Amino acid sequence: MSFKKPIHRIAIVGTGVIGASWAAQYLARGFDVVATDPAPNAEANLRKYVDDAWKDLTSLGLSPGASRDRLTFTTNMKEALSRADFVQENGPERPDFKIKLFAEMDAATPVDSLIASSSSGITPSVMQSKCRYPERILIGHPFNPPHIIPLVEVVGGTKTSPEAIQQAIAFYASIGKKPVYLKKELVGHVGNRLQAALYREIMSLIQQDVLSVEDADVAVSYGPGLRWGVMGPSLQWHLGGGAGGIKHFMDHLMDPLVGMIRTLGTPDVTPELKQKISEGVLREAGNRSVGELAEDENRQLLGLLSVRAKASKPAA
């Protein structure tokens, strides 16, 4: 089966925060989007989210044909999928639910259309297990919010076609995303595991009373976090090796790093630690609501993305 057909119409299954953000992203890239969700007020909530996100998307730059008028909504999932060229699923994170949902989507979607899941933890082999056409089922896991953060993790299941994976990667790249290909299935994929690895050490440091919750956040966001927003940690080690680059780092600095790695902690996540972290977060947030914090984060992310876009342009 070939999956090289042009993509014009995208179906969004599940319109919570992730699904709504994906819908906004695809509309901004000039696609027709049909969304479906059985929840009460789903359409109203979706349209409000898209309207609120449109200013940020306009700042990032709209593609030709971008319009909120190209969004339609139906509670009938079969109707939504019947003419979809690409499906982005965003349903509840329960394996039993996903297996049933994917079997239903598989039956309703044209056989040459890709079906991608935004699942943050469930592997594609689980989701495709009851599908008649499992070769087009894969993970396209975004980072929240998808309409701003470029990263998408792409991974197939045991029955996914290599061509389907390559077409998904090409599609995501064509709309300005930064897809990464995972060669193996892992629970949580990669991005969430990297976050979990860092936070494991943060919790350990807090539990040992090395520093406060607030200072742990400062240590990340005003230290390595700034550098990671420019280049990844492996390339950073290349810089850390000085004139000798990564070879010098591996020959002379890796062994001390390995020694430190062996001392990293594994916290005992007790009710007391949870309470300690919660209290610290609330102190740090102050009078700012979750919505206000998210708005401020998005504003700063847009600024960073703008700087990176300018830096990546070739010199005239």
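A residue is called buried when its relative accessible area is under 20%, exposed when that area is over 50%, and partly exposed in between, using a 1.4 Å probe and protein chains only. The structure is a predicted model, in which local features need pLDDT of at least 70 and side-chain atom pairs count only at pLDDT 80 or more, while totals for chains, interfaces and linings use all residues. Residues are numbered from 1 along each chain as its sequence is written, and side-chain values use heavy atoms, with hydrogens and water left out. Helices (H or I, at least four residues) and strands (E, at least two) are DSSP runs numbered from the N terminus.

**The loop residue His189 lies between β8 and α7.** His189 is buried, because its relative accessible area is 1%. Its phi is positive, near 60°, although the residue is other than glycine. Most residues other than glycine have a negative phi, and most peptide bonds are trans.

**An open sheet is formed by eight strands.** Two strands pair if DSSP finds at least two bridges between them. The strand order is β3-β2-β1-β4-β5-β6-β7-β8, and the pairing is mixed. β3 (71-74) and β8 (178-181) are the edge strands; each has a single partner, so one side of each lacks a neighbour in the sheet. On average, neighbouring strands are turned by 25° against each other, direction ignored. Angles run from 0 to 180 degrees between N-to-C directions, and axes are lines fitted to C-alpha atoms, for helices over the stretch in contact. Helix α2 packs on the sheet, where it touches β2 (32-36) and β3, and its direction makes about 160° with that of β3. Helix α6 (residues 162-174) also packs on the sheet, touching β1 (9-13), β4, β5, β6, β7 and β8; its direction makes about 170° with that of β7. Contact means heavy atoms within 4.5 Å.

**Strand β5 (residues 114-117) is joined by bridges to β4 and to β6.** In a regular strand the side chains alternate between the two faces of the sheet. Leu114 and Ala116 point one way from β5, Ile115 and Ser117 point the other way, and all are buried. Strand β4 (residues 86-89) runs parallel to β5 and is joined to it by four bridges. Val87 has Ile115 as its bridge partner, and Gln88 has Ala116. Three bridges join β5 to β6 (residues 137-142), again in parallel, with Ser117 opposite Ile139. β4, helix α4 (residues 95-108) and β5 make a right-handed β-α-β unit; right-handed means that, with the strands pointing away from the viewer, the path from the first strand over the helix to the second runs clockwise.

**Asn41 lies in the loop between β2 and α2, and Ala42 lies in helix α2 (residues 42-60).** Asn41 is not a glycine, yet has a positive phi of about 65°. With a relative accessible area of 58%, Asn41 is exposed, whereas Ala42 is buried at 7%. Not counting residues up to four places away in sequence, Ala42 touches Thr15, Asp37 and Phe73. The C-alpha atoms of Ala42 and Ala53, 11 residues apart along the chain, are separated by 16 Å.

**A cis peptide bond joins Asn144 and Pro145.** The omega angle of this bond is about 0°. Pro145 belongs to the loop between β6 and β7.

**Helix α7 (residues 191-207) has 17 residues.** The expected span of a helix is 1.5 Å times one less than its number of residues. For α7 that span is 24 Å, and the end C-alpha atoms are 24 Å apart, which agrees. Gly191, Glu201, Ile202, Met203, Ser204 and Ile206 are the buried residues of α7. Their cover includes β7 (151-156), α8 (213-221) and α12 (271-285). After α7 comes Asp209, whose phi is positive, near 65°.

Val213, Glu214 and Asp217 of α8 make the contact with Lys276, Ile277, Gly280, Val281, Arg283 and Glu284 of α12.
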